[in-house]
Amino acid sequence: MALTLYVDTARWRAHHKHVQEQFPGLVPVCKGNGYGFGHERLAEEATRLGSEVLAVGTTYEAARIKDWFGGDLLVLTPYRRGEEPVPLPDRVIRSVSSVDGVYGLVGARVVIEVMSSMKRHGISEQDLPQLHAAIENVRLEGFAIHLPLDRTDGSDAVEEVIGWMDRLRAARLPLHTMFVSHLKAEELARLQQQFPQTRFRARIGTRLWLGDHEATEYRGAVLDVTRVSKGDRFGYRQQRAASDGFLVVVAGGTSHGVGLEAPKALHGVMPRAKGVARAGLATVNRNLSPFVWGGKQRWFAEPPHMQVSILFVPADAPEPKVGDELVAHLRHTTTQFDRLVDR
């Protein structure tokens, strides 16, 4: 009895191939919890795609994934002097976002990140004159730019990259490879056409692994079902049942990521109104679960436990049976399954 991630493997892999065809030179990204699939599985899928480079989030992830992926590993988190040293093979490439960082990686393979409109990290235009001397003592694999997802000001992603290409070229820095993030296929093609001497390589995670929503599905197994009457007390806090129905114990709790939610950027009146409504219901202990039964998302009877959730299913709905599986709408990047089933 488990929280299971079911994967339509043929469809999932067909989507990978489609993305790879759209983005020549694609660099798959495997970071965090492996986009819900785990590091080992995504390393296997990247190998299947023929990728010679796999991007990872941190040096700690690189230390684990190196045993599962035989190609180069590009660490996306920039190097900082004083960071904890992690033993890594020579096939690991470090990202750097400062001139000082370049000087701190003598002899290493590096990708230099430039500051984009995200303003997260990266070298500035003022740093470029100092890079000439700095890169003499490293093996430069290329430059990189990490772009925002939304452009509410109407600016153009391609123009932002072109601006940096022009700055790097004016500074007479080598432009054989530029790693990019969050560009559309047609935008990447425009850049490649304008700068044929530079190889543009898209680093892609979400679109690659999670772009086909119909290829995957989470389901939680029903472990127990208890009939309750209105007013019956139940659970850790001994609340009263609001009406007749069933308490359904389903696999999937906080240790799986159930009930944990990352903040969302809301745009527009309706999404904000729904957010206010959800917050209001939560103050009276009404929290909608991600589990679906009888065509409806069901309410948590109480906050999810560590490994299970208790749902309230009203008496007028079909009675769940032990062993049934409930579809769960969960965010891949915050979910840890018990088992993954290819089908």
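**Figure 1. The two domains of the predicted model.** The domain assignment, which is automatic or taken from a database, gives domain 1 (8-210) and domain 2 (216-342). Their centres, taken over C-alpha atoms, are separated by 38 Å, and the contact (heavy atoms within 4.5 Å) takes 8 residues from domain 1 and 10 residues from domain 2. This is a predicted model, in which local features need pLDDT of at least 70 and side-chain atom pairs count only at pLDDT 80 or more, whereas totals for chains, interfaces and linings use all residues. Residues are numbered from 1 along each chain as its sequence is written, and side-chain values use heavy atoms, with hydrogens and water left out.

**Figure 2. The interface between domain 1 and domain 2.** The two domains bury about 780 Å² between them, 52% of it on carbon and sulfur atoms, buried area being the accessible area (1.4 Å probe) that two parts lose on being put together, summed over both. In domain 1, the most area is lost to domain 2 by Asn33, Gly36 and Phe37, together 46% of what that side buries.

**Figure 3. The salt bridge of Asp342 and Arg41.** The closest N and O atoms of Asp342 and Arg41 are 2.8 Å apart in this salt bridge, a term for a side-chain nitrogen of Lys or Arg within 4 Å of a carboxyl oxygen of Asp or Glu. Between domain 1 and domain 2 the count is 1 salt bridge.

Figure 4. Arg203 lies in strand S9 (residues 199-204), strands being DSSP runs (E, at least two residues) numbered from the N terminus. Arg203 counts as buried because its relative accessibility is 6%, the cut-off being under 20% relative accessible area (1.4 Å probe, protein chains only). Not counting residues up to four places away in sequence, Arg203 touches residues including Val27, Leu74, Glu113, His146 and Ser181.

Definitions and conventions:
Helix = DSSP H or I, 4+ residues; strand = E, 2+ residues; numbered from the N terminus. Buried < 20%, exposed > 50% of the residue type's maximum accessible area, 1.4 Å probe, protein only.
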